[in-house]
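Q: Could you show me how to read buried helix faces and nonpolar cores in a structure?
A: Gladly; let's take it step by step with the one below.

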Amino acid sequence: MERVRIRRVYDPVNPDDGYRVLVDRLWPRGIKRSALALDAWEKEIAPSSELRRWFAHDPGRWRDFCRRYQKELEAAPEAWARLLAYTLHGPLTLLTATRDVDYSHTVVLRDLLDAEWAEAEPAGERASPVCFEPGSGNDTE
């Protein structure tokens, strides 16, 4: 069973979504706050505006984006702890308005959360590799 999923805010709600958390810094365009089914909005966990603008979803900058974003996450331990705590209660769905989900911060978050859980699980479970190229066979979803 998947512990962490990624969905766009524009996708229909799935009964298996579990705890739904918006992880974008900005509220999604075209969606009323009352219309979005979510349990929390963790905007502090999103990449900084500067990093987001620099990256601009350029696949050529993907690996460097991952490294820079992980450094930002290290500087936000409270937000990281909240996100990790959400996974203790069952499935977690990370919501984003990003069009290209394969090259988004949600992939980094999912992989880091999966890695945290793999460390806590019995030997033989492998952590999801962080920041592999989408479509390389190492990503999920």
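Q: Which residues of H2 are buried?
A: In this predicted model, Trp 62, Phe 65, Cys 66, Tyr 69 and Leu 73 are the buried residues of H2. Around the axis these residues cover an arc of only 100°, which puts them on the same side of H2. The general idea is that an α-helix has 3.6 residues a turn, so residues three or four places apart point the same way.

Q: What does the face turned away from the buried side of H2 carry?
A: That face carries Lys 71 and Glu 74, both exposed.

Q: How many Å should H2 span?
A: With 13 residues at 1.5 Å a residue, H2 should span 18 Å, and this agrees with its end C-alpha atoms, which are 18 Å apart.

Q: Where do the buried residues of H3 fall?
A: Ala 79, Trp 80, Leu 83 and Tyr 86 are buried in H3. Seen down the helix axis, they lie within an arc of 120°, so they line one face of H3.

Q: How many residues has the largest nonpolar core?
A: In soluble globular proteins, nonpolar side chains tend to be buried together. Here the largest nonpolar core has 27 residues, and Ile 45, Trp 62, Tyr 69, Leu 83 and Leu 109 have the most contacts inside it. At least two core residues come from each of S1, H1, H2, H3, S4 and H4. Another core, of 6 residues, lies apart from this one and includes Leu 22, Trp 27, Leu 36 and Leu 95.

Q: Which residues does Tyr 69 touch, leaving out those up to four places away in sequence?
A: Tyr 69 touches Ile 45, Ala 46, Pro 47, Leu 51, His 105, Val 108 and Leu 109, with those sequence neighbours not counted.

Conventions: Residues numbered from 1 in each chain as written. Predicted model: local features only at pLDDT ≥ 70, side-chain atom pairs only at ≥ 80, totals over all residues. Heavy atoms only, no water. Core = buried A, V, L, I, M, F, W, Y, C linked by side-chain atoms within 4.5 Å. Buried < 20%, exposed > 50% of the residue type's maximum accessible area, 1.4 Å probe, protein only. Helix = DSSP H or I, 4+ residues; strand = E, 2+ residues; numbered from the N terminus. Contact = heavy atoms within 4.5 Å. Arc of directions from axis to C-beta. Expected span 1.5 Å × (residues − 1).
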